[in-house]
Structure formats: C-alpha cells, structure tokens
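Work through the following exercises with the sequence and the coordinates at hand. Each task is followed by a solution that goes step by step.

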Amino acid sequence: MKIDRHGQAKILSQSEIQLLFSQGLQSDRSRALFGICLYCCCRINEACTLSVNDVYSKGRVRPELLIRKCHTKGKLATRSIPVIEDLRGLLLAYRHPERGYLFPGRWGKGHINSDSAARILREAMNRVGIEGGSTHSFRRTGLTQLSNAGIPLRVIQEISGHNNLEQLQKYLEVKPEQVRGAVAALSMISHVGESNSEGYVGKYVYHDLDSNPQRERV
C-alpha cells in the first residue's frame with residue numbers, strides 16, 4: 001500500500017471501486033477519466049492526454065480506445081483497447097468537448113495535468129474513507145484482475161504496454177489466499193491413496209528391484 005507517496009499503489013476491492021464511482025467522484029468527467037484508467041489499465045498521463053478523436057467518432061464511442069505511442073511511457077507503441085460496456089456507459093454520460101483534448105485543462109487550455117487528476121482522486125478517496133490509493137491503483141487493480149482471471153501474461157502485456165513480462169509481473173498482486181489455494185493443489189499428488197465405491201483411486205508404485213512395475217494400493 002502506498003503511504004505518503006511511498007510504496008506500491010493499493011489494489012482496490014470491488015466494493016471500494018463501487019463506492020468510489022458512486023459517492024467519491026463527483027462529476028461525469030472524473031468518472032470517465034478514472035474509468036478509462038481502470039478499464040483500459042492505463043497510466044494516468046495516458047488518460048489525461050487522450051484526444052476526443054481517440055475515444056469518439058462522429059459523436060459515438062469508438063469500439064476501441066486509442067492510446068497513441070507519443071503519449072505512452074517510453075513511447076514504445078500505440079495501443080488499441082476494446083471498450084467494454086461498463087466503460088462505454090461512463091463515456092456516454094460525459095459531455096465531452098467536440099474536439100481537442102478529451103479532458104481539457106483549466107480554462108480549456110491543453111489537457112488536464114496528472115497532478116490535478118491525482119488531487120481530484122485524493123479528495124474522492126478521502127470522501128469515502130479509502131486509504132493507500134493513488135491514480136496508479138486503477139492500473140494495478142485492472143492488471144491484477146486480468147491475471148486472476150487466468151488471462152495469459154502475453155495478452156495482458158498487449159493491454160498494459162509493458163516492454164517486457166518482468167516489468168508487468170511487478171504490478172501484479174498475489175494474495176495470501178491465492179498462495180494457500182495454490183499449495184492446496186499439491187494434494188493432487190498426495191502420497192496417501194484413496195478408494196471409493198467405484199473402485200480404486202491411487203498411484204502406481206514402482207519397485208526398485210522389479211523390472212516389471214506393478215500397480216499396488218497405497
């Protein structure tokens with residue numbers, strides 16, 4: 001958990017996300033901005049620098065949101081992220097500008113600064129009593145959710161835009177219950193055999209001195 005801007009950003013629970021979007025964030029603009037961060041697993045600067053044309057076409061939400069190479073960290077590659085219905089709803093509710101940056105800065109000049117976005121989020125989290133979160137929480141939460149859903153890392157990398165899998169893995173949280181569940185799976189190779197009404201369920205035993213291994217109950 002990040003404390004005083006130190007450590008990794010907190011992974012948000014589903015209840016915290018719902019609370020944040022229903023009571024913490026006070027405008028459609030803020031919900032659209034941080035909805036993009038969550039559902040596209042993108043960095044806050046990538047969301048802040050989006051243009052209207054990257055997200056909308058002829059007044060409609062595009063099927064895929066475009067994160068341009070020039071706005072990515074390291075300027076590695078342009079990414080296209082499919083827009084799911086949860087995000088589409090937030091984008092439809094937002095009365096966006098007709099052109100230019102999707103989230104204009106103060107007095108309509110340039111785009112919103114990432115520090116300003118961070119301040120908006122801090123106020124929203126304070127409003128609903130969420131501690132340890134930051135703008136990066138949405139990215140970490142989204143990527144961890146994809147990993148927990150069993151999505152291959154290589155596919156997640158296409159969404160996250162990380163240069164390599166090692167960088168990506170640093171983002172993903174492993175919970176204690178996941179470790180317990182993983183270790184519990186070792187019971188599949190238990191040395192203790194079992195039997196049931198349908199017949200024997202056990203293992204093959206290979207005797208060191210027997211050239212013809214036989215199956216025995218253990």
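Predicted model: local features only at pLDDT ≥ 70, side-chain atom pairs only at ≥ 80, totals over all residues.

**Exercise 1.** Describe the surroundings of Asp-54, stating where Asp-54 lies, how accessible Asp-54 is, and which side chain joins that of Asp-54 in a polar contact.

Solution. Asp-54 belongs to helix H4, which spans residues 52–55. Its relative accessibility is 1%, and Asp-54 is therefore classed as buried. The side chain of Asp-54 is joined to that of Arg-68 by a polar contact of 2.7 Å. If residues up to four places away in sequence are not counted, Asp-54 touches Arg-68 together with Arg-62, Glu-64, Leu-65 and Leu-66.

**Exercise 2.** Find which residues have a positive phi without being glycine, taking Cys-41 and Lys-58 as the two cases, and state for each whether the residue is buried or exposed.

Solution. Cys-41 has a positive phi of about 55° although it is not a glycine, and Cys-41 sits in the loop between H2 and H3. At 4% relative accessibility, Cys-41 is buried. Lys-58, also a residue other than glycine, has a positive phi near 55° and is located in the loop between strand S1 (56–57) and strand S2 (60–61). With a relative accessible area of 85%, Lys-58 is exposed.

**Exercise 3.** Work out how the buried residues of H1 are arranged around the axis, and which helices these residues pack against.

Solution. First list the buried residues of H1, namely Glu-16, Ile-17, Leu-20, Phe-21 and Gly-24. Because they cover an arc of only 125° around the axis, they fall on the same side of H1. Gln-14, Ser-15 and Ser-22 are exposed on the other side of H1. The packing partners of the buried residues of H1 are H2, H5, H6 and helix H7 (136–148).

**Exercise 4.** Identify which members of the largest nonpolar core touch the most other members, and which element gives the most to this core.

Solution. The largest nonpolar core has 39 residues, of which Leu-20, Phe-34 and Ile-36 touch the most other members. At least two residues of this core come from each of helix H1 (14–24), helix H2 (28–39), helix H3 (44–48), H4, strand S3 (64–67), helix H5 (85–93) and helix H6 (114–128). The most is given by H2, with six residues. Not counting residues up to four places away in sequence, Ile-36 touches residues including Cys-41, Leu-65, Leu-91 and Phe-103. A second, separate core has five residues, among them Cys-41, Leu-143, Leu-168 and Leu-172.

**Exercise 5.** Count the aromatic pairs and characterise the one formed by Tyr-94 and Phe-103.

Solution. The count comes to three aromatic pairs. Tyr-94 and Phe-103 form a stacked pair, with 5.4 Å from centre to centre and 15° between the planes. Tyr-94 is buried because its relative accessible area is 7%, and Phe-103, at 0% relative accessibility, counts as buried too. Ring pairs also link Phe-21, Phe-34 and Phe-138 into a cluster.

How values were computed: Residues numbered from 1 in each chain as written. Heavy atoms only, no water. Helix = DSSP H or I, 4+ residues; strand = E, 2+ residues; numbered from the N terminus. Buried < 20%, exposed > 50% of the residue type's maximum accessible area, 1.4 Å probe, protein only. Polar contact = N/O pair within 3.5 Å; in protein donor to acceptor, adjacent residues only side chain to side chain. Contact = heavy atoms within 4.5 Å. Phe/Tyr/Trp six-rings, centres within 6.5 Å; stacked < 30°, edge-to-face > 60°. Core = buried A, V, L, I, M, F, W, Y, C linked by side-chain atoms within 4.5 Å. Arc of directions from axis to C-beta.
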